[in-house]
Amino acid sequence: MLSLFKINDPYKILIILFVAVIIQLPIFISGINVALPEIEWHTVGAKLAEGGELYIDVYYPIGPLSAQVYRLLSLVAPDGYLIYTILGLILVIIQAVIFNIGLIQYKAYNQNTYVPSLIYFVLLMGMEDYITLSPQLMGLTFILFSISLTFKIIEGRKRADEDVIQIGLVSGCAALFYPLSILVIFPVRIALLCFTNTLIR
């Protein structure tokens, strides 16, 4: 099975998508179990859709971009929790692709392979809490972009102000989805200071 994903063929992503559907099919058939956080996110989105303002009319510890996503979903699917699972599944697939493309692009392994993408995907799929559109999952997408840009600067071993600014922007976006995501900026700074000639500014 793993040897199939060792071939450098982008169409292997379609196989991962098929695996995703097979794994999640029993959950869809048996019915979606709604977790307490999903109810809270849905309630926040519904209150914002009714015209409430975050942190004024609706007080809940959530990032502003995440709150706006839930507000939009509340307008699109007022009584549906299935859309959280579907969008979460799509986001996990996108993250697996971003993760694997970064490893191939910066030659993390001697052989270009899609095995890391499969492992990343299967590990997340094994935990039901991850397959939902949570603020953490949305923020993680931007963290992966931030890590990829960091590797880009390290590999080039030259000062790249635009890339540094982009790291700041995507890290900021991650924090607007999930505030604790801002902590990723500290290991990124350490990596840039230790492995590049990027100025301390």
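A residue counts as buried under 20% relative accessible area, as exposed over 50%, and as partly exposed in between. In this predicted model, Cys173 has a relative accessible area of 28% and is therefore partly exposed. Cys194, at 55%, is exposed. No disulfides were found in a search of the whole structure.

The protein chain contains nine helices and zero strands, and its pattern along the sequence is accordingly written α-α-α-α-α-α-α-α-α. Of the 201 residues in the protein chain, 41% are buried. The protein chain exposes about 11,700 Å², and carbon and sulfur atoms account for 68% of that area. When contacts between residues at least 6 apart in sequence are considered, 68% join residues at least 24 apart.

The largest nonpolar core comprises 26 residues, among which Tyr70 and Phe121 touch the most other members. Two or more residues of this core come from each of helix 3 (36–49), helix 4 (64–76), helix 5 (82–105), helix 6 (115–125) and helix 7 (135–156). The greatest contribution is that of helix 5, which gives seven residues. Another core, of seven residues, lies apart from the largest one; Leu149, Ile153, Val170 and Leu192 are among its members.

The surroundings of Tyr70 were also examined. With residues up to four places away in sequence left out, Tyr70 touches Trp41, Gly45, Ile62 and Tyr84, as well as Leu133, Ser134, Pro135 and Met138.

Key
Residues numbered from 1 in each chain as written. Predicted model: local features only at pLDDT ≥ 70, side-chain atom pairs only at ≥ 80, totals over all residues. Heavy atoms only, no water. Helix = DSSP H or I, 4+ residues; strand = E, 2+ residues; numbered from the N terminus. Buried < 20%, exposed > 50% of the residue type's maximum accessible area, 1.4 Å probe, protein only. Contact = heavy atoms within 4.5 Å. Areas by Shrake-Rupley, 256 points an atom, 1.4 Å probe, with all protein chains shown as cover. Disulfide = S-S within 2.5 Å. Core = buried A, V, L, I, M, F, W, Y, C linked by side-chain atoms within 4.5 Å.
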